[in-house]
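Dear colleague,

Please find below the structure that I am handing over to you. My notes on what was found in it follow directly after.

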Amino acid sequence: MPRISHTRPGEGRTLPRPDSDHGWLRTVRDGFFSGWISGAITVVFVAGLATILPSVWRWAVADAVWYTTDPSACRAASGACWAVVAEKYRVILFGTYPYDQHWRGALVVLFVTGLAVLSSVPRLWSARLFVVWAVAAVTVAVLMFGGIFGLPYVGTNQWGGLPLTMIVFITSVVFGLPLAVVLALGRRSHLPVIRAVCIGVIEIVRGLPLVSVLFMMIILLPLFLPSDLTVDKLLRALIGMVVFFGAYAAEVVRGGLQAIPAGQYDAAKALGLGYWPSMFKIILPQALRIVIPALMNDIIRAFKNTTFVSVIGIFDMLGATKASLRDVDWVRYSTEAYIFVALVFFLYCFAMSRYSQFIETRLGREDTR
Amino acid sequence: MTQALVKIDGLQKWYADFHALRDVTLHVGAGERVVICGPSGSGKSSLVRCVNRLEPHQGGRIEVAGTVLDDSPAAVHRIRLLSGMVFQQFNLFPHLTVLENLTLGPIHALRQTASQAEAHAMQLLERVRVADQALKFPGQLSGGQQQRVAIARALMTNPQLLLFDEPTSSLDPEMVSEVLDVMIELAREGVTMIVVTHEMGFARAVADLVVFMDQGEVVESAPPATFFANPANDRTRQFLAKLDLAA
Ligand SMILES: Nc1ncnc2c1ncn2[C@@H]1O[C@H](COP(=O)(O)OP(=O)(O)OP(=O)(O)O)[C@@H](O)[C@H]1O
Ligand SMILES: [Mg+2]
């Protein structure tokens, strides 16, 4: 005879889950000593930390010199010389930009960071953002170049540091994304010429290291252009960065386009919509939404890739740091200076990384609404 | 007989080397309702999708409201604007609200103003009884509601012809009738309709002609009374017997 237990509606009791009350001892045991291997890993790890941490602490904190304008004070101490940051931060952050004009660079950094934050709020996403960024580009150019409104003119050969890093980064993304969309659409075009060109650009650029793309822009581009036309070095580097970002992001966008069901195209056609309205109003909004997490990955990488421009003599933040350490009094404290720069990079990248997690769960939620 | 709105003559279609439609001829007069049925893979979808060029055909002739459907974009565009289509999977745009789903076409294909399109959209949503859902997203609606929205969307261009490809096949059973009711109302109002469906009740109620297809061919076509009482062809009889078993 089968035994069946019946519960009349409303009579089933809610019971607490028997293993839900852990206590901290239990948590520690389950988490760190759940078995032989887990216990061994915990012990080795703690022992390792115990040997490393004290010396790190001594170097970075206890024996460190926090502030001095006299490099010999650092030489006397056995710990880190954080004073190099205070001494050199203006050069690290603004490179060779004229010293008394640094405020312009600082404004650019604040302005661009603020706009980037605004642009990441999903509720503010609209075509109007492109207009805002276009206006922003003009503002940034006015601030950086000057030459009007009583601002002294500063050529791109004097630009450097964090504002330059931001400009390279934002330009790569803001122009690279539309390029990626164009390349991705072109790769799916029915016109063989367009398709071939787009596949060519994507595959060639993806097959080259960024450094060689930059060198090509510096060395090869002038060979193809009429000799009386000189293109600014920074501009050439920017074009290289944009194309590099665009080629990688194009493949991501293509993945998104492929994920859109054929029925969406059918519905658009049946309504009499042409190619461009279908793409801009129906296909791309959905495709881009799908690939935002993957694009964030490319965007974070684009931020770090800005450091490559220093190999062609453009002083991004890392290049400016290196240049600032040519000072014989401070050159031995380059480690500390690089740690500081690493921290600035980490702050930006970590923020973007957290944001990409936020946007991923947020968009995931929208899908199931 | 009324002037034929849709004239399909000797239609041939291939998918690569697969001969999917073989010499299909079908004329639909203005205001007539044609129901197409047949086993899976018989070419029903292919046929209706050829009418508005979601699929190209390789032989024969299609003419809708005097426009011959050929490769010219103008002809394709004209025919798409004067026909509306409803799909099995609804194919609503998930990132747009119900209202935006309706207004998108007229705004971008007919250059209507947003307020014009919205007023028309609200009228149609009223008519298919989902006006209260206008500001929701398709994913928040039941299947039956979504399909009624899709019907309203197809009506936005005031089409002379409506194409339905198994509009109730992916609906839960309890939602089938709410969609069929809307379709029956449209039929009574005299809209020309070509409907792929296995809802034989619908065919009996509104069809002027029932077409049975098998293996890319029109095997039999007759008014519903004759079609159901006296099917001439063995394959039709077998098919109807299977449908009866399923029902
Ligand atoms: N895009 C395509 N590429 C290749 N073959 C196709 C394509 N679409 C349909 N076919 C084939 O053409 C034939 C007819 O397909 P169609 O979709 O028109 O049938 P159907 O009658 O609508 O079937 P169902 O009841 O399953 O919807 C089938 O054999 C199908 O496999
Ligand atoms: Mg079908």
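A backbone N or O atom of S42(B) lies 3.2 Å from an oxygen atom of ligand 1. Please bear in mind throughout that this is a predicted model. Two side chains also make polar contacts with the ligand. For K44(B), an N or O atom of the side chain is 2.8 Å from an oxygen atom of ligand 1. For S40(B), a polar side-chain atom lies 2.6 Å from an oxygen atom of ligand 1. The protein covers 59% of the 630 Å² of accessible area that ligand 1 has on its own.

The shell around ligand 1 takes in the run P39(B), S40(B), G41(B), S42(B), G43(B), K44(B), S45(B) and S46(B), together with Y15(B), F18(B), A20(B) and E166(B). Two elements of chain B, β2 (18-29) and α1 (44-51), each give two or more residues to this shell. The greatest contribution, three residues, is that of α1(B). By class, the shell consists of six polar, four nonpolar and two charged residues.

Strand pairing in chain B

Strand β2(B), which contributes to the ligand shell, pairs with β1(B) in the antiparallel sense over eight bridges. Within this pair, V6(B) stands opposite V28(B) of β2(B). The hairpin of β1(B) and β2(B) has two residues between the strands, and A16(B) there takes a positive phi near 50 degrees.

Strand β1 (residues 4-15) of chain B has a further antiparallel partner in strand β4 (residues 59-64) of chain B, with five bridges between them. Here D9(B) has R61(B) in β4(B) as its bridge partner. In turn, β4(B) pairs with strand β5 (residues 67-68) of chain B, again in the antiparallel sense, over two bridges. E63(B) stands opposite V68(B) in β5(B). The hairpin of β4(B) and β5(B) likewise has two residues between its strands, and A65(B) takes a positive phi near 50 degrees. As background to these pairings, in a regular strand the side chains alternate between the two faces of the sheet.

The second largest pocket

Which residues are the closest to the centre of the second largest pocket? This pocket holds about 830 Å³ of space. Of its 27 lining residues, R188(A), H190(A), Y265(A), Y275(A) and M279(A) are the closest to its centre. The largest share comes from α12(A), with seven residues. The lining divides into 16 nonpolar, eight polar and three charged residues.

Cavities

Rolling a probe the size of a water molecule over the atoms shows where empty space is left. In this structure there are two cavities of 30 Å³ or more.

The largest cavity contains about 80 Å³ of space. Its lining draws on chain A through A267(A), A270(A) and L271(A), and on chain B through R80(B), L81(B), S83(B), G84(B), M85(B), F87(B), R153(B), A154(B) and T157(B). At least two lining residues each are supplied by α11 of chain A and by α2, β6 (83-86) and α5 (143-155) of chain B. Of these elements, β6(B) gives the most, with three residues. Seven of the lining residues are nonpolar, three are polar and two are charged.

The second largest cavity has a volume of about 30 Å³. It is lined by R127(B), V128(B), V182(B), E185(B), L186(B) and E189(B). Helix α6 (residues 173-188) of chain B gives the most to this lining, with three residues. The lining has three nonpolar and three charged residues, and no polar ones.

With kind regards

Note on methods. Residues numbered from 1 in each chain as written. Chains lettered and ligands numbered in written order. Predicted model: local features only at pLDDT ≥ 70, side-chain atom pairs only at ≥ 80, totals over all residues. Heavy atoms only, no water. Near = heavy atom within 4 Å. Polar contact = N/O pair within 3.5 Å; in protein donor to acceptor, adjacent residues only side chain to side chain. Areas by Shrake-Rupley, 256 points an atom, 1.4 Å probe, with all protein chains shown as cover. Helix = DSSP H or I, 4+ residues; strand = E, 2+ residues; numbered from the N terminus. Nonpolar A, V, L, I, M, F, W, Y, C, P; charged D, E, K, R; others polar. Pairing = 2+ DSSP bridges. 1 Å grid on protein atoms, 1.4 Å probe; cavity = no way out; pocket = protein on both sides within 12 Å on 5 of 7 lines; lining within 4 Å. Points joined across faces, edges and corners; volume = space filled by probe spheres on them.
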